[in-house]
Every structure is written in structure tokens, then in C-alpha cells.
Amino acid sequence: MDLLIFKAPILIVQASLDGILLGLLFALIAYGMALQWGVMNIINIAQGELVILGGYIAYTMYQLGIHPAFGIFVAPAIMYFLGWGLYKLVIYRVVDRDLFISILATFGISILTQQLMNFVFGADVVVAQSNFGTTLLFDDSVTIPNSKLFSAVISVVAAIAIILYMKKSKLGRAIRATAQNARAAKILGVDTEKVYAATFGLNAAICGIAGSLIAITFTLHPYVGLPYTIRSFMIVIIAGLGNLPGVALSGMGLGIFEEFADYILGTEFRIGAVFLLLVFILVYRRFKLSRKREYLE
Amino acid sequence: MVFNKNFSCLMIGVAAVGFLAAAPANARVDGDTITLGAAVSLTGKYSTNGKHTKNGYNFAAERINKMGGVKVGGKSYKLKVKYYDDESNSSRAAQLAERLIKQDGVKYMLGPYSSGLTKAIAPVTEANKIPMVEANGASRSLFTKGYKYLFAVLSAANQYLEVAIDLAVEKNGGKPVRIAMAFEQDAFSQDVRLGILDAAKRTKSKIIIDDKLPKELNDMAATLAKVKATKPDVLVVSGHSKGALTAIRQISEMKVNVPMLAMTHCDASKLAKQHGKKAEYALCAAQWHKSLSYKDKFFGNGMQYDKEFNAAFGYAPPYQAAESSAALLVWKGAFERANSFSTEKVRDALAKTNMQTFYGNIKFNSAGANFAKPMVLFQVRCDGGKCANKVVAPTKWASTKLVHPIPKWSQR
């Protein structure tokens, strides 16, 4: 146990800000996962790989001399069609099947994507430089990399844009209708096939945006996708499906919890502590549910 | 008819078994060729370094063959390496070692890339009493298991950054220093950490931060914030390429000022190229650098090796390639001194190796580790926008003077 954070209270500010900024980026990825899960009942194990692929698109732009931040426009455009193609190729076969089959299918896509990225982009760890600089607060004792700030802002803007699109547009309404009841939507004339393909594409596009942000804030490697999948899975589990503010809140909450666990318990327990929290939340939920049921009876 | 069909199946089976059984007899020395076996990572996450390893092996084998081959019993033999792709997967590597030895009849092995895969293969070669010269597994645990058939041309992982602590103490006027360190939780990085613990004990230095980074972590912000708050004299980071790139990115973004920053994997991650001026003044441990003055008759010196490797493969050799080439030179020496193909005799000759190669002096201790070669430290230095690694320690080979302390970010 390390109490440094209480001896130097400014670290509390640093930890909270780091946690919030990190959490918002993760929340964006989790939002894509929740969308797809809610609409198609598919848990996408390849979510992290789609994120990294989006990152490589931004990195390729950086290699070509274009600022990698523009990846937030280019990557989602490419990834949307890629997602659409993946749906037509693989996902449509598993969409109405058992959840286990879809997990297996997306797990396969994840391995394949890793190997293809390794083949195309190589096994080196790469970074794209944004050169956005740093914001210094409280007499230089709190530092916020502008790339993280940029990532958090873009994550929020993207999430709001998608929420508005879902509320206002025709396709958005169709997606929501399908999520509520696919059969009823079909009877009322919604082309659910098309809705599914669009949802998968939309999720891939969200991953594209998140990937571009990761390229300028962290590092890229063909095999680092899994932590993003697991993290977004946890955020969705905690927030529940179809609860968008919940996703953002649980993303930030997990981010802050993780940072504090790092300072207090030590870096080696950082990820373990998050998993422990997940277990507690699931047990608590189960407990609450069982009480509710007893009451109903 | 049924009988006939069964009989022919049986015959094919017998023939196949016979073929497999016959193959080993020819495989170790076939005509004038000595076959060495190697499982290297041609795909998967180690594929870049796996490629360097393979190129290093091939480059040396070709050179030795061109310069007269290996002379055993008055006859000249050529070296050939049989490769399999271990897919960067340790259980696959162990399977392939088994296959090389049992099916292909290979009697002499070369190591794979990385400590983890070498650790997977070593029990197989050991159980079969097949000598292995490895060039890319530095983990200390390889040398504490009492292996008799394992020989490593490189320095053990715990030696990587000890020099840096000594240097920091020296710069502090011989007084103990305060050390902050962050190491990834994997075999190699934790061994580097043990080396730092030893060095700290020896110099009576104090460790004020000792973070172990989870493997999947790509954010060091919390560790660096602690470093900012505690102001250590030296910050040590090791976590393969990802760790090196993440550290430099976040140190520059968070404006962390430390007098000395010591790391590993700077050249594997192309730190100077990817981060440019942000990486300047970082100290890096390396097994080899082209500017060292070691010599041998096959490659001349490091500079020549660098030039010729570059001409052959189109890129400058990282130390992973150089040490792999050195492994072949060790094999050649051992065959010639043993003057025999008996694995036991060759093993004994390997154990007595005492030679200089372009890569460094090679002499094994009883655990099979090379103790004759020190690690080198270089510092990333920039001239205009171009950054390169310059050797700063040991002082014997220093091509430039160490900049210490590192200038503050506000002055850079």
C-alpha cells in the first residue's frame, strides 16, 4: 500500500483527470459494442482489433505525411464499409443463432484480423505523432497531454452525434425499432438485414474513430486489441445495454477507479482491481435481482 | 481383395515409417553438409525480431561456407540451417524442437527469438542431450536450472542496466542515488529489474518507486506522475518496444524531468526514428553496437559487419542479427576443436569456447552464460532533426560524452 497520493494531494487531481480522459475514450468503444450487442445480440470479440485497424489507418496517413488526427474522418469512412463487408461475409450467418456461435465467429475474425495486420503493417510497435503539446495546470504540477484532451473531446462529440443520428434519422429509428423487437420491426416493413449490416458498419466506424485517437495517444501493435475488447465489455456489463449516459459514466468511473488503484495498491494490481470491482458489481446485481424476484412472488 | 487392400495399406505404412526412421541417420551430417536446426518466429508478434535472427544466422552460415566451411577430420563441411516457424508461440516452439530432433534427426540446435521461447525449447534439447547455442534468450532463469547443453552468446538480462546505476552513482560523486523504476511483468523485464536491485544494494542506493506494469497496459501516466512528485535521480524503464515507446511519449507529454533515464529496447523499437528529439538523452542498454572494436576473420569488425549486412538485406543490422551471426561462429569453432560430430564431444568443445568475434568476446560459465562480454550503453543524441544512438559506456568504446543531467523540458 502506497500513500504517496495522500501526501501529495495534487496527485488526486492528476489521477482523476487521467481517469476521466481515459474513461471517455474507452466509453466510445464500449458504446459501439453496446449498440451492436443490443441490436444484434452479438458480443464482438474482434472489437479491439477493429479499433487497432482504425489506428493503423491513421498511422498510414501519418506515414504519408498527413496529420494523423484527420484519421477521425478517414478511418470511420473506411471502417464502415469494412464492417458492412464483414457482416455480409460472416456475421449474417450467425446473427440469429446462439450467442456462443457469434462469440466463436467474432473470435475467429479477431485472430484473422491480427494476423492480417501483422502481415500488412509488420510486427513493430508504432506511434503516430500529433505534436499537440501539453496543457500545464497548477504551476506545472498537473499535466494534461493535449492529445488525450483531444481524444476525450472527440469521443464525446462522436457519441453525441451518434445519439442524435439514432433519434432523428430514419435508419436510426429503424435500428432502435429492430433492437426493441426485430420481428415486429420486420412486420412493419423494416429491412432488418439492412439494419443489421448498418449497425455492424456503424460499430466498425466508431472503432475507426477510437483507433485514430489511440494512434495519437498510445501505441499500436497488431496484437494489443484484446485489452480494448475486455475493457469495453466491462463498461457495457456495468452500464447495461441501451443506457448511453450509463456507458459514459461507467467508462469514466472505471478510468478513475483504475488510476486510484494504481496509486494506492500499486501498478501491478491496477487491472486486477478493476476485475475485482466487476465481480463485486455482478454479485451485487445478482443479489438485488434475487431480492426483487422474491418480492414479486 | 480386402486382404490385398489392407496389405497395400500396411506396406505403405511400413514404407513411411521406414522413410521416417531412415531420415535421421542422414540429417545431422549429410554428405558435406552439417545441418543445424532452428525454430524462429517468422509470423506472430515476434516476427520482426524473428526475421533479424534468421537473417543473422543465414548471413553467418553463408560467410563461413564461402570462407572454406567447417573443417572436421581433414574434410571441409558446409553449414546449413533447417528452419521452422514457431508462430511466436512457446508451445509450438517446443513441439518444433521435438520435431527437429526426433523426426528430422537434427543433432545441433540454434536458439529461437526471445527468452520465453528459449525457455520453452531448452527442456526439450536438454532431455535429448542436444547442444543448443542460442543468441536471443537473455533471461536469468535460463542459467539457474543447471542446463548442460545450453550456451548463450549474449549477456544475461540482469546485466542490462546495472551499468546505468553505476554511472548514475559515479555522476553523483560516488554517493548513493534515488531510483524510480517501472518494469513490465514478463520474464525478461523482471530479470532486468533484479539486476537493478543488485546494483542498488551494491551502491546503497534507494529505490523509491518500483512499479510492475501489467502486460496489457499501454499507459504509464500514473507511474510518471509519481516520478514527477518524488523527483528521483534516475528513472529506469523496461517493457520491450511498447514500454520504450510509451515511456518516451508520456515522459515528453507530461514534461517529466529526471537527471537520467535508462531503458531497454531502444533500437528494437526504433526509438530515435519514431520519437525523434523527444527521445533525446535517453540511455539505452544494448548487447552490441557496430562501433565496438572487436574483431574476427569472418566479418572483420562491427563496422564492416554493418556495411555488408546492409548490402545483403537492405537494412542496418540490429544487435539481434549480430548476436545470431555470432552463434554460428561459435558452432564452427566448437566443431573444429572437437574434430568430431559426436554431440557429447561437440558439447564439451562448446563449453570450452574462448574466442573473440566481431560481436564480442565469448566465454561460457558453467551455466552456459557468456560472461566475457559487457553490455554497452548508448545515449540517443540528435543533430538537427536527425537522431542516432551514440555509445557512452563503457568508456573504452565511448564515441561521445554522456550528457548528464538531462536538460529540463523547459530548456529543450
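Predicted model: local features only at pLDDT ≥ 70, side-chain atom pairs only at ≥ 80, totals over all residues.

Colleague: At what angle do the axes of helix 3 and helix 4 of chain B cross, and how close do they come?

Modeller: The axes of helix 3 (residues 90–102) and helix 4 (residues 115–127) of chain B cross at roughly 35 degrees and come within 8 Å. Helix 3 of chain B passes helix 4 of chain B in a right-handed crossing.

Colleague: What makes helix 2 of chain A roughly perpendicular to helix 10 of chain A?

Modeller: Helix 2 (residues 10–40) and helix 10 (residues 226–239) of chain A pack at an angle of about 70 degrees, their axes being 8 Å apart. That angle makes the two helices of chain A roughly perpendicular, because the label covers angles of 65 to 115 degrees. The crossing of helix 2 of chain A with helix 10 of chain A is right-handed.

Colleague: Which residues of helix 2 and helix 10 of chain A meet?

Modeller: Helix 2 of chain A contributes A:F26, A:A27, A:I29, A:A30, A:M33, A:A34 and A:W37. On the side of helix 10 of chain A, they meet A:Y228, A:T229, A:R231, A:S232, A:F233, A:I235, A:V236 and A:I237. The residues of this contact divide into 12 nonpolar, two polar and one charged.

Colleague: Why are helix 2 and helix 11 of chain A called oblique to each other?

Modeller: Helix 2 of chain A packs against helix 11 (residues 244–265) of chain A at about 140 degrees, with the axes 7 Å apart. Roughly antiparallel requires an angle over 145 degrees, and roughly perpendicular one of 65 to 115 degrees. The pair in chain A is therefore oblique. Helix 2 and helix 11 of chain A also have a right-handed crossing, and their contact has 16 nonpolar, six polar and two charged residues.

Colleague: Turning to the cysteines, how do you know that B:C266 and B:C284 are joined by a disulfide?

Modeller: The S to S distance of B:C266 and B:C284 is 1.9 Å, and the cut-off for a disulfide is 2.5 Å; the pair therefore qualifies. The torsion about their S-S bond is about -80 degrees, so this disulfide is left-handed. B:C266 lies in the loop between strand 11 (260–263) and helix 9 (271–275) of chain B, and B:C284 in strand 12 (residues 283–286), so the pair ties together parts that are 18 residues apart in sequence.

Colleague: Why do B:C266 and B:C284 count as buried?

Modeller: The relative accessible area is 2% for B:C266 and 0% for B:C284. Buried means under 20%, so both cysteines receive that label.

Colleague: How many disulfides does the structure hold over all chains, and how are the bonded cysteines of chain B paired?

Modeller: There are two disulfides over all chains. With the bonded cysteines of chain B numbered in sequence order, the pairing is 1-2, 3-4. B:C382 and B:C387 also form a disulfide, with their sulfur atoms 2.0 Å apart. The link of B:C382 and B:C387 is right-handed, with 100 degrees about the S-S bond.

Colleague: Are B:C382 and B:C387 buried or exposed?

Modeller: B:C382 is at 17% relative accessibility and B:C387 at 13%. Both values are under 20%, so these cysteines count as buried.

Colleague: What makes B:A372 partly exposed?

Modeller: B:A372 is at 27% relative accessibility. B:A372 lies in the loop between strand 16 (360–363) and strand 17 (376–383) of chain B. Leaving aside neighbours within four places in sequence, B:A372 is in contact with B:N361, B:I362 and B:K363.

Colleague: Finally, why is B:S324 called buried?

Modeller: B:S324 has 0% relative accessibility, and the label applies under 20%, so B:S324 counts as buried. The place of B:S324 is in helix 11 (residues 319–338) of chain B. Not counting residues up to four places away in sequence, B:S324 touches B:T53, B:G56, B:Y57, B:A135 and B:N136.

Key
Residues numbered from 1 in each chain as written. Chains lettered and ligands numbered in written order. Heavy atoms only, no water. Helix = DSSP H or I, 4+ residues; strand = E, 2+ residues; numbered from the N terminus. Buried < 20%, exposed > 50% of the residue type's maximum accessible area, 1.4 Å probe, protein only. Contact = heavy atoms within 4.5 Å. Axes fitted to C-alpha atoms, helices over the stretch in contact; angles between N-to-C directions. Parallel < 35°, antiparallel > 145°, perpendicular 65-115°, else oblique. Left-handed = near helix turned anticlockwise from the far one by under 90°. Nonpolar A, V, L, I, M, F, W, Y, C, P; charged D, E, K, R; others polar.
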